[in-house]
Amino acid sequence: MSATQQLTFLTRYSLTLSLAVFLGAAVLLPWVGAGPISLARVLQHQSPDYEIFLQLRVSRTLLALVAGGALSLAGTLFQAMLRDALATPYTLGVSAGASLGAVAVIAAGWETFLGVPTTWIGALAGALGVLILVVGGAFRRRRISAFSLLLTGIAINSICAAFIIILGGFAGISRSFSIARWLIGSIDATSYVSLAVLTTVVLLVSATILTQARSWNLLAVGERWAASRGVQVGALLLQGYVLGSILAAGAIALTGPIGFVELIVPHLVRSRISPDHRLLMPCAFLLGGALLALCDAIGRIVMPPAELPAGAVLALIGGPYLVWVIRQRTSAEEI
Amino acid sequence: MSDLIEVESVSFSYGSRSVLDSVSFRAGEGEFLALLGINGSGKSTLLDIVSGFRRAGTGSVTIEGRSQSEWSRREIAQRVSHLPQAVHADLPFSAEQLVGMGRYPHTDRWFESDEDHKRIRAAMERTSCWAQRRRSFHSLSGGERQRVLLAACIAQDAAALLLDEPSTFLDIEQQLHCFSLLRQEAQEGKLCIAATHDLNLALTYCTRLMVLADGVIAHDMQVTEAHENKEWLGRFSKRLDMGATPAGSPWVWYR
């Protein structure tokens, strides 16, 4: 078997498996919840099973799959750009900007604008503001580097965190609780129109990112390394930051700043399947979506009738897992 | 011998600190040029400028008779391969994956072709690192890493190889092997420019010596002329002197 054949076999195997997990989650997880749903009643469009299944379970499962995939891919992208397996959309300030925007509208008491939840508008506006500030601040002498992006991102992150605390302090008890809950991140039933918009944006942006997978490989080794192999480093970094921010902001607008998925999944795929972004990125997207949907399903059944937010479930599973992974690493793998 | 690279009046500053001041030189196919100079003399900066990673403050670089700015980034990479001084590769790429990245400028395929894999294997065998191909790059020793990086440059199949201290971390046998391999590349028609601190390796394997000092090319000579005027040795240390090996080759030693 030649090297190409081996690679193709590995590609097909890991991608097929990841796709099977993703589709399995999409088909099975809507059936998981506090109360049982009858397949027969759903097929016969009988209330309330039909409405619960279609309006609540399916929509939130699809939202979790798309948002989880987007966050996981954004994490993978930022990790390649910053050459750091711990980099996430939070590191570069995007999540903090989106959170500040959403927290601002919650604190102001605005709920909807033209029928659209204002948290979505606030999160997108906040992420866009941070995007402009970070990119503008990172440009030096008409050049942009991962290091300047990182430093500017961290600075803006801290500023946003400070404003979130200040707004929380002035918001009153009821709104402070809403802010705290939103900041944990959760998957709620959403309209199919919103879901279609998010899915379209996420698929288009993800496809654009994937077409550059070979360039992300080079950038993950180093900027000078990538440049001397033909990559336009500055343009690629800028493109990566903008596309990654759109993915993260789109997901966060609908779910809140859910953490860990963008850290755990890329790490798992990188160490178990391949660090090659041609495989890593599609697998991270598919498995990230499946993991978030699974966490949301677990949150629905652990303490009925109350629901645990998906972000909390993910943190409870992901935190110990990450510690375990770090303890399993050999000294040669320390980075 | 035609000029592959022509550097004309190139200057460069880091803020107010001038590193290169109107540097000019030409180099062509078949040459193995040693870029010499003390720490901070601008060797790495000059290689960065020739490879296109840094833009010169003033002056111009011409590659194959055409201005560097007229080539696309990828076209430059097809002609000039650059081995930076330090590559960390913190994410766990295997040695083979890293060498495979050398094929990037030559293909638009999603995965490498069988021809690419043949070249990758040949490059790794030439630098004696094929046995480590499946190992993660960051689990390799310093010397093994350097051989993998050199293989990546060879797999890139460019007409000019710019190498920033290619013998760093290598044991003596591997240093000899590395410079011997580069000389072989030059004999096969490539241009090799290696920044190095090892004067004896340069004298033994290179065809031409270029000494950077005070921002300019202070000395530019064929290796065969190196023993005629020992002034260039003073650029490194006053304790250096030059004799000859029993075979008659020039040899630098410390007083």
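In the predicted model, B:Ser128 is found in the loop between helix H4 (114-126) and helix H5 (142-155) of chain B; helices here are DSSP runs of H or I with at least four residues, strands are runs of E with at least two, and both are numbered from the N terminus. Phi of B:Ser128 is near 55 degrees, a positive value in a residue other than glycine. With a relative accessibility of 35%, B:Ser128 counts as partly exposed, the class between buried (under 20% relative accessible area) and exposed (over 50%), computed with a 1.4 Å probe on protein chains only. B:Phe169 lies in the loop between strand E7 (160-164) and helix H6 (172-187) of chain B, and its relative accessible area of 60% makes it exposed.

Residues are numbered from 1 along each chain as its sequence is written, while chains are lettered from A and ligands numbered from 1 in the order in which they are written. Local features need pLDDT of at least 70 and side-chain atom pairs count only at pLDDT 80 or more, whereas totals for chains, interfaces and linings use all residues, and side-chain values use heavy atoms, with hydrogens and water left out.

The peptide bond from A:Ser47 to A:Pro48 is cis, with omega near -5 degrees. A:Pro48 is placed in the loop between helix H2 (39-43) and H3 of chain A.

For B:Trp232, leaving out residues up to four places away in sequence, the contacts (heavy atoms within 4.5 Å) include B:Leu36, B:Leu199, B:Leu203, B:Leu209 and B:Val211. B:His219, B:Met221, B:Ala226 and B:Met242 are also among the residues that B:Trp232 touches.

A:Gln79 is placed in helix H3 of chain A and, at 0% relative accessibility, counts as buried. The side chain of A:Gln79 reaches the backbone oxygen of A:Ala87 at 2.9 Å. Apart from neighbours within four places in sequence, A:Gln79 is in contact with residues including A:Asp84, A:Glu262, A:Arg270 and, from the other chain, B:Leu91. A:Ser245, found in helix H11 (residues 233-255) of chain A, is likewise buried, at 3% relative accessibility. Leaving aside neighbours within four places in sequence, A:Ser245 is in contact with A:Phe78, A:Val94 and A:Leu131.

How much area is buried between chain A and chain B? The value is about 3,500 Å², of which carbon and sulfur atoms give 60%; buried area is the accessible area (1.4 Å probe) that two parts lose on being put together, summed over both. A:Arg214, A:Arg224 and A:Arg229 supply 22% of the area that chain A buries against chain B, more than any other three residues. The contact takes 40 residues from chain A and 40 residues from chain B.

Across this interface there are two salt bridges, each defined by a side-chain nitrogen of Lys or Arg within 4 Å of a carboxyl oxygen of Asp or Glu. B:Glu112 forms a salt bridge with A:Arg278, with the closest N and O atoms 3.4 Å apart. On the side of chain A that touches chain B, the elements giving two or more residues include helix H1 (3-28), helix H8 (192-211) and helix H13 (277-301) of chain A. H9(A) provides the largest share of that side, seven residues. The residues on that side divide into 15 nonpolar, 13 polar and twelve charged, where Ala, Val, Leu, Ile, Met, Phe, Trp, Tyr, Cys and Pro count as nonpolar, Asp, Glu, Lys and Arg as charged, and the others, Gly among them, as polar.

Notes:
Polar contact = N/O pair within 3.5 Å; in protein donor to acceptor, adjacent residues only side chain to side chain.
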